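Colleague: Thanks for sitting down with me. Could you walk me through the terms you use for this model?

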Amino acid sequence: GVSDGQFFPVLSLELNYLVEAFKNAGGPTYDPQLVIIVGQKRHQTRFWPDDGWASENVPPGTVADRGIAQVSHMNFYLVAHKGIKGTSIPCHYHVLHKDRRLGAIGAKDLQVMT
């Protein structure tokens, strides 16, 4: 896992490795558009339905990105699967890098793709 304090070192290292790998694979002009997203599962955030049934989990595909996500960068919580036993643990996704050429792709697009 990657903690919040490791985002910058991981991004710097991984992005440099990826750029080098792209050049090795496709030549010096190969420059794909890239998004780097880190998912965290080790946190204490849980979600419950708003209908009063605290014994139920939220449905798969539930996204929370307002009022709970960090305001410093693009991030969101996503419950990706149905909880079979216990309370579902959402994954906290952090967008560490989004290529400027992907300007039209916003937070909602990345949530759907994830």
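Modeller: Buried means under 20% relative accessible area, exposed over 50%, and partly exposed in between, with a 1.4 Å probe and protein chains only. Helices (H or I, at least four residues) and strands (E, at least two) are DSSP runs, numbered from the N terminus. This is a predicted model, where local features need pLDDT of at least 70, side-chain atom pairs count only at pLDDT 80 or more, and totals for chains, interfaces and linings use all residues. Residues are numbered from 1 along each chain as its sequence is written, and side-chain values use heavy atoms, with hydrogens and water left out.

Colleague: Why is strand 4 called largely enclosed?

Modeller: Strand 4 covers residues 91-98, and six of its eight residues are buried, so the rest of the structure largely encloses it.

Colleague: What makes strand 1 and strand 4 a pair?

Modeller: Two strands pair if DSSP finds at least two bridges between them. Strand 1 (residues 35-40) and strand 4 have six, in the antiparallel sense, so they meet that criterion. One of the contacts joins Q40 to its bridge partner H92 in strand 4.

Colleague: How do you know that strand 3 pairs with strand 4?

Modeller: Strand 3 (residues 75-79) and strand 4 share four antiparallel bridges. N75 stands opposite H94, and F76 stands opposite Y93. Strand 3 also pairs with strand 2 (residues 62-64), antiparallel over three bridges; there, A64 has Y77 as its bridge partner.

Colleague: Which residues of strand 3 point which way, and are they buried or exposed?

Modeller: N75, Y77 and V79 point one way, F76 and L78 the other, and all are buried. With five of five residues buried, strand 3 is therefore largely enclosed by the rest of the structure.
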